[in-house]
Amino acid sequence: MNSDEAGAIAAAVELFHANGHRRIALLAGVNIGYSNWKRREQFQLAIDRRPELTGFLYEFYAGTEFVELTPRIRADKVTALLLPHEGFDLHLLRHLEKAALHVPRDISVIAWENPQLSKHTLPPLTTFCQNYPRMADEGIRLLENLLQLSERQPRNILIPYLFLKRQSVAPAS
């Protein structure tokens with residue numbers, strides 16, 4: 001059982017597109033595992049589905065200072081940024097603010113949910129959140145089916161992310 005990474009990435013790109021954004025970036029960690037690799041792949045697929053979009057990939061390593069990222073965002077004229085790593089949101093938002101890139105006026109942001117942080121940032125971040133209650137329900141149902149022998153083949157179940165629309169996405173200026 002997995003959260004639907006592809007669906008979340010596609011929904012983020014579509015929301016940006018619906019708000020007039022055409023230059024969209026993904027902040028992607030280097031060597032952070034399978035999910036990170038999958039998110040990069042799905043981001044590129046979502047961008048490729050819309051020829052009018054230009055996608056940018058900004059890579060970082062654990063411990064990276066994001067001060068060097070803001071000049072690249074400006075130079076690339078990026079208006080929307082996808083942050084799929086919960087722990088880096090506040091750090092990056094601070095650097096955007098220092099560079100006078102205001103969310104959402106200058107750049108729209110969608111992040112992965114950090115429950116202790118996302119709704120408390122200024123502005124509150126639009127996020128994707130894993131649907132743990134549904135994952136638990138599906139896990140129990142699968143276990144019951146296995147115990148009753150009504151299901152014998154393993155299968156992968158994709159659970160859609162919850163999309164929490166807050167105030168960090170606005171129409172492109």
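The following legends describe close-up views of a predicted model.

**View A. The largest nonpolar core of the model.** This core has 21 residues, and those with the most contacts inside it are Leu 27, Tyr 58, Ile 73, Leu 81, Leu 92, Leu 96 and Ile 107. At least two core residues come from each of β2 (23-29), β3 (54-60), α3 (69-76), β4 (80-83), α4 (89-98) and β5 (108-112). A second, separate core comprises 20 residues, including Ala 8, Ala 46, Ile 47 and Tyr 161.

**View B. The surroundings of Leu 27.** Leaving aside residues up to four places away in sequence, Leu 27 touches Tyr 58, Phe 60, Phe 66, Leu 69, Leu 81, Leu 82, Leu 83, Pro 84, His 85 and Leu 92.

**View C. Packing of α1 (residues 5-18) on α2 (residues 34-48).** The helices pack at an angle of about 45°, and their axes are 9 Å apart. The angle therefore makes α1 oblique to α2. The crossing of α1 past α2 is right-handed. On α1, the contact involves Glu 5, Ala 6, Ile 9, Ala 10 and Val 13; on α2, Ser 35, Arg 39, Gln 42, Phe 43, Ala 46 and Ile 47 take part. These contact residues comprise 7 nonpolar, 2 polar and 2 charged.

**View D. The loop between α4 and β5, with Ala 100 and Pro 104.** Ala 100, a residue other than glycine, has a positive phi near 60°. Its relative accessibility is 40%, so Ala 100 counts as partly exposed. The peptide bond from Val 103 to Pro 104 is cis, with omega near 0°.

**View E. The cis peptide bond between Leu 122 and Pro 123.** Omega of this bond is about -5°. Pro 123 belongs to the loop between β5 and β6 (126-129).

Methods. Residues numbered from 1 in each chain as written. Predicted model: local features only at pLDDT ≥ 70, side-chain atom pairs only at ≥ 80, totals over all residues. Heavy atoms only, no water. Core = buried A, V, L, I, M, F, W, Y, C linked by side-chain atoms within 4.5 Å. Buried < 20%, exposed > 50% of the residue type's maximum accessible area, 1.4 Å probe, protein only. Helix = DSSP H or I, 4+ residues; strand = E, 2+ residues; numbered from the N terminus. Contact = heavy atoms within 4.5 Å. Axes fitted to C-alpha atoms, helices over the stretch in contact; angles between N-to-C directions. Parallel < 35°, antiparallel > 145°, perpendicular 65-115°, else oblique. Left-handed = near helix turned anticlockwise from the far one by under 90°. Nonpolar A, V, L, I, M, F, W, Y, C, P; charged D, E, K, R; others polar.
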